[in-house]
Structure formats: structure tokens, C-alpha cells
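Biologist: Could you take a close look at one helix for me and talk me through how it sits against the rest of the chain?

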Amino acid sequence: MTGTYALIQDGVVINTILWDGPEASPMEFADGVTYLEFPDGEGVCPAIGWFYDGETFTSPPLTEEEIAALKQQKIDNNVAAKVSLIAQATVSIAPLQDAVDLDEATDAETASLKAWKQYRIAVNRIDAITSGDIAWPEQPAQ
């Protein structure tokens, strides 16, 4: 049965191949090149450039560009989450505000309106321009 193998030289994966294995179809590799079938028991699937220490595959360190891109993606996700949470609050506020404006609100609706507005203010005050995790306020009960 065909498997996926990492070709390893000097502790670095230099290629990956589909192969029936050494018993089914022997192949000769360059001096110093070994092979190992993957994924391993942990489900790790290495790629070219990964390291192998004789027991474990590890990914290479991220480049500065990759780190910057990951940080920017986190910032973008935080900003999008903030926009979404404010939009959800606005949708919840609108009919409650209508009821208050028309003097048709129940005490529960008036209290809910206040809670949703407080929530929207709390979300709006959060600085989402960060690559860190944000502890978003809890939404009021519907």
C-alpha cells in the first residue's frame, strides 16, 4: 500500500514522496538520505524544511514576514469581531428603542434596552487593534 514518506538529510526534510515502501519497491537515495513514513502517531505531517531529530518532526521557525502576517490576521479578526458584536447589539436595540419611543415599552423591555446599550458601549470602548486575545463583554440575555 502506498504511503507518504519524508526524505531526511542532516536532520532536515528535503522532500516528501508517495511510495509503496522499501519492501514493495526498493529505491536508492543519495548518501546520507534516510526516509520515514508519516503521518506519525501524533498525526504530524512534515513538509520540506521541517526538522527531524531522530524521534520527532518539528516545523521550522516562522519568518518575520510570517509572524507579521499572523499578527495582522489576528488584528483583522479582532476588528471584525468588534464590528459584528456592535451590529448584533444594534439589531437587538432597534425594536426595544422603538417600543420606548412610542411609550409602548414594558419594564422588561426598558431594562433590556439599557442593558443592550451598556453592552454596545462596552464593546465600542474596546481597542480591537491588537494581536492579543480580547475578553469581550458578555451579551445581555435576549
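Modeller: Happy to; here is a walk along helix α2 and then on to its surroundings. Please keep in mind that this is a predicted model.

Helix α2 covers residues 107-124, 18 residues in total. From first C-alpha to last it reaches 26 Å, close to the 26 Å expected at 1.5 Å a residue.

Which residues of α2 are buried? They are S112, L113, W116, Y119 and V123. Looking down the axis of α2, these buried residues fall within an arc of 130°, so they line one face of the helix. On the face turned away from the buried side, α2 carries the exposed residues D107 and K114.

Helix α1 also takes part in the structure's 1 salt bridge. In that salt bridge the side chains of D133 and K74 meet at 3.0 Å, N to O. D133 lies in the segment after α2 and K74 lies in helix α1, so the pair ties together parts that are 59 residues apart in sequence. D133 is exposed, with a relative accessible area of 72%, while K74 is partly exposed at 27%.

Together with L62 and L70, I67 forms a nonpolar surface patch with about 270 Å² of accessible area.

Definitions and conventions
Residues are numbered from 1 along each chain as its sequence is written. This is a predicted model: local features need pLDDT of at least 70, side-chain atom pairs count only at pLDDT 80 or more; totals for chains, interfaces and linings use all residues. Side-chain values use heavy atoms; hydrogens and water are left out. Helices (H or I, at least four residues) and strands (E, at least two) are DSSP runs, numbered from the N terminus. The expected span of a helix is 1.5 Å times one less than its number of residues. Buried means under 20% relative accessible area, exposed over 50%, partly exposed in between (1.4 Å probe, protein chains only). The arc is that of the directions from the helix axis to the C-beta atoms. Patches are made of residues with over 30% relative accessible area and no salt bridge: like charges are joined within 9 Å, nonpolar side chains (Val, Leu, Ile, Met, Phe, Trp, Tyr) within 5 Å. Accessible areas come from the Shrake-Rupley method with a 1.4 Å probe; for residues, only the protein chains shown count as cover. A salt bridge is a side-chain nitrogen of Lys or Arg within 4 Å of a carboxyl oxygen of Asp or Glu.
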